[in-house]
Protein chains: 2
Amino acid sequence: MQPLVNDRYLRALLRQPVDETPVWMMRQAGRYLPEYRDVRTQAGDFMSLCRNPELACEVTLQPLRRYALDAAILFSDILTIPDAMGLGLTFGQGEGPRFARPVTCLRDVQQLPVPDPEDELRYVMDAVRTIRSALQGKVPLIGFAGSPWTLATYMVEGGSSKTFTRIKQMMVREPEILHALLAKLADSVCLYLNAQVAAGAQSLMIFDTWGGVLSTPAYRAFSLDYMARIVAGLTRESEGRPVPVTLFTKNGGQWLEAIADTGCDAIGLDWTVDLADARRRVGHRVALQGNMDPAMLYASASGIEQEVARILAEFGPGNGHVFNLGHGIAQDVDPAQPTHFVDAVHRLSRPYHR
Amino acid sequence: MQPLVNDRYLRALLRQPVDETPVWMMRQAGRYLPEYRDVRTQAGDFMSLCRNPELACEVTLQPLRRYALDAAILFSDILTIPDAMGLGLTFGQGEGPRFARPVTCLRDVQQLPVPDPEDELRYVMDAVRTIRSALQGKVPLIGFAGSPWTLATYMVEGGSSKTFTRIKQMMVREPEILHALLAKLADSVCLYLNAQVAAGAQSLMIFDTWGGVLSTPAYRAFSLDYMARIVAGLTRESEGRPVPVTLFTKNGGQWLEAIADTGCDAIGLDWTVDLADARRRVGHRVALQGNMDPAMLYASASGIEQEVARILAEFGPGNGHVFNLGHGIAQDVDPAQPTHFVDAVHRLSRPYHR
């Protein structure tokens, strides 16, 4: 493998000095890019794109050609694991994901296999290998997975939900079933992420999109504990370098101390969190990633610049900040806009790293 | 008017001693009750029920007949104000609200009237008067309104939203239009709430359902500042008693200090907030209302009891707690369940008030 040319992102996650604050965008390979939509059409449906390592590699690299991003993220979906477990995943036209066979009882959980990453999920590992090779050491490659709780919400609800009625009913009536499911998912995610590292991922991120719908004790018991279990089981070094781990719980701003306690290297923050406050609370223990409202990409160039300046000032001078959006980029953003964002982060952050 | 028999709720909001922690449930008059569904069918559509003072009174009183609740809340909707402004509100079958004429530009905002509460919204005031009289002083009556930001989201999006794309585009591109809209809404809400007090409401609550989708500075500028403006303009005494004001921002747990700064009497908390932590932060300045996850009403009687006990212990001994759910009760809850909840709050809270 070629040596890494730009390691700002990895250094910032380890709270080491950098020349400029590194930046990438959640969902940076996505529908806002016309070249992505072309490849997507070529692939057919969304999962076919995920399952094709060459096309997954192509869309992973697309945003890097347009913007001076400091990291690439594997193009895939958090639902590859439940899909590999045999729940029958489909994405309807303009709809969210659907599972043909949702999990409803203990028997369902017991029958779920723990997928072998180099077998049922080999297409993901092939994508990691293909992308890593194609990157030629330009920037590091991020591997990722969904958190057990977040995956479980889709598996129990049978798809997206607003109210999380089914999984919450399971949680309050039959918590042992949910714990069995979460334990199996934690094992599966751990194997999956370690296989991504073996295949070439240089950093890992766990997306806990729905942990924020839980009460504090339920968050700890049903989401955070399983993420902590995964963090404890991850390969933390590869190719002679640390492999930093970032945990991101959307709407988890109140639990930063507990998230830092898992032993992760960095915490992803949504845009509702005050970054100065977050740094005061946990910045001596972990790096922080975030946290511009993706809606700011609808603003003028100078509006974006002002918001970037505000967020940089909020974090202040010193190490341990990876700039990002607080959530995925919206699909109707003009592809000219991220240029203003990425360039502003690099240019305006220099004084903070002198 | 008859003297108030049970004033626990009002006393708790003012952080005065009580014998038991008062309790009510957001959306306590609602579809989970078969008797509500009967009246709703009789009324026709949802807004016809809101517009009929006798039927609105009937559904307001229904939950009080079943459960030992310490407060009644006016049956109405937060969208009465935009409806009275002429935006053409409808509720489709099984859908959310829709506005036929959403607000898109400054001209739209300038043409919006500030509704006269005793004219276009007289049906609400008549409902307040009817309910207040029917309550015969049994428990206090809560009046309410939506926050300007929350009302604006529906008015600009034309209905419910997941992404708030339109209003956020307005916020970042043409903030002056949004400020004009919010200022007009703040004036309208203030008039509306003061009219409710004049008609007999004994406490007021402002629901900021969507403030939590904003960044910290945007929350202050576009939501909290307008709620503060309303609080400053409210009638705070009536019939020789204080009229306490509660502000509730869903997903606003990070901003409690700033919310307390508005001069409100109490803060409503969703279930993601740690109550002990909230009390430490602002409990010397305001009362706290909340905060059981409504999904706990799917649990067994003993499960509900345990959760009530946990939340009571989290708040601890002393004054200033109104028990509630962290959000509205779900429509598929068995009507037998709230009995366990309400009774557990009363029974288990006694030791904390000795």
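**Two copies and their labels**

Reply: Chain B can be laid on chain A with an RMSD of 0.0 Å, by a turn of 180 degrees and a shift of 0.0 Å along the axis, where copies are superposed by least squares on the C-alpha atoms of residues with pLDDT of at least 70 in both. This is a predicted model, in which local features need pLDDT of at least 70 and side-chain atom pairs count only at pLDDT 80 or more, while totals for chains, interfaces and linings use all residues. Residues are numbered from 1 along each chain as its sequence is written, and chains are lettered from A and ligands numbered from 1 in the order in which they are written.

Me: What makes the two copies related as by a two-fold rotation axis?

Reply: In general, two copies of a chain are related by a rotation about an axis and a shift along it. Here the turn is 180 degrees and the shift is 0.0 Å, and the two copies are thus related as by a two-fold rotation axis. In chain B, the C-alpha nearest this axis belongs to B:Gln254, at 3.3 Å from it.

Me: How do you know which residues of chain B are in contact with chain A, and how many are there?

Reply: Two residues are in contact if their C-beta atoms, placed from the backbone, lie within 7 Å. By that rule, 25 residues of chain B are in contact with 25 residues of chain A. Helix α9 (residues 165-173) of chain B gives the most to this side, with five residues; a helix is a DSSP run of H or I with at least four residues, a strand is a run of E with at least two, and both are numbered from the N terminus.

Me: Why is A:Arg15 called buried?

Reply: A residue is buried if 20 or more other C-beta atoms lie within 10 Å of its own, exposed if 12 or fewer, and partly exposed in between, with C-beta atoms placed from the backbone. A:Arg15 has 20 C-beta neighbours inside 10 Å, and therefore counts as buried. A:Arg15 lies in the loop between α1 (8-13) and α2 (34-43) of chain A, and has a positive phi of about 60 degrees although it is not a glycine.

Me: Is A:Phe164 buried or partly exposed, and why?

Reply: A:Phe164 has 19 other C-beta atoms within 10 Å, so it is partly exposed. Its phi, near 55 degrees, is also positive in a residue other than glycine.
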